[in-house]
Amino acid sequence: MRKAIIVFSGFTEARSERTGSYKLWHDVLDKHRHDVACVLFLEWNDDPKGHARLLNMMGVTEVLTFAYSWGAGFGLREFSKSFAGSVKAVICDPVFYSKFFWMRWRAIVRWCKPT
């Protein structure tokens with residue numbers, strides 16, 4: 001059984017910034033780089049379906065994901081649709097990413113409490 005670990009960042013977290021998601025990825029990488037096939041840090045919109053197909057081709061059968069904000073509402077959701085194996089997730093403050101542009105603004109304004 002080949003395993004991988006993925007950290008999906010949130011909407012405002014860039015790969016080049018030392019955010020909480022970056023720090024989590026760095027800690028996981030230090031502890032588990034020799035135990036798993038790979039440890040990835042992906043921004044919330046970094047072609048999750050493409051990464052799922054890549055891991056499928058690598059023979060990965062199980063993925064542990066950590067996802068924050070739109071990383072959970074878009075990245076993890078889209079990744080799970082294309083990954084053939086088992087996906088386990090630890091999510092923090094997931095925000096639903098609608099396929100309809102006119103619905104996305106609700107996730108970033110405070111005066112509107114989306115359900």
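Trainee: Before we look at features, what should I know about the model and its numbering?

Mentor: Residues are numbered from 1 along each chain as its sequence is written, and side-chain values use heavy atoms, with hydrogens and water left out. The model is predicted, so to speak of local features needs pLDDT of at least 70, side-chain atom pairs count only at pLDDT 80 or more, and totals for chains, interfaces and linings use all residues.

Trainee: Which elements does the protein have, and in what order do they run?

Mentor: Helices (H or I, at least four residues) and strands (E, at least two) are DSSP runs, numbered from the N terminus. Here there are four helices and four strands, and from the N terminus on they run β-α-β-α-β-α-β-α.

Trainee: How do I read the sheet, and what is its strand order?

Mentor: Strands of a sheet pair through backbone hydrogen bonds, either parallel or antiparallel. Two strands count as paired if DSSP finds at least two bridges between them. In this protein, four strands form an open sheet in the order 2-1-3-4, with parallel pairing. Strand 2 (38-42) and strand 4 (86-92) stand at the edges with a single partner strand each, so one side of each has no neighbour in the sheet. From one strand to the next, the twist averages 15 degrees.

Trainee: How many bridges join strand 3 to strand 4?

Mentor: Seven bridges join strand 3 (residues 60-68) to strand 4. Glu 62 stands opposite Ser 86 in strand 4, and Tyr 68 has Cys 92 as its bridge partner there. Strand 1 and strand 3 are also joined by seven bridges, and Ile 6 has Thr 65 in strand 3 as its bridge partner.

Trainee: Is Ala 89 buried, partly exposed or exposed?

Mentor: Buried means under 20% relative accessible area, exposed over 50%, and partly exposed in between (1.4 Å probe, protein chains only). Ala 89, in strand 4, is partly exposed, with a relative accessible area of 46%. In the protein, buried residues make up 41% of the 115 residues.

Trainee: Which residues does Ala 89 contact, beyond its neighbours within four places in sequence?

Mentor: Contact means heavy atoms within 4.5 Å. On that basis Ala 89 touches Thr 65 and Leu 76. Ala 89 and Thr 65 are 24 residues apart in sequence, yet 4.7 Å apart in space, C-alpha to C-alpha.

Trainee: Where do helix 1 and helix 3 lie on the sheet?

Mentor: Axes are lines fitted to C-alpha atoms, for helices over the stretch in contact, and angles run from 0 to 180 degrees between N-to-C directions. Helix 1 (residues 20-32) lies across strand 1 (2-8), strand 2 and strand 3, at about 175 degrees to strand 2. Helix 3 packs on the sheet, touching strand 1, strand 3 and strand 4, and its direction makes about 165 degrees with that of strand 3.

Trainee: At what angle do helix 2 and helix 3 cross?

Mentor: The axes of helix 2 (residues 48-58) and helix 3 (residues 70-82) come within 8 Å and cross at roughly 40 degrees. Among the residues that meet are Leu 55 in helix 2 and Phe 74 in helix 3.
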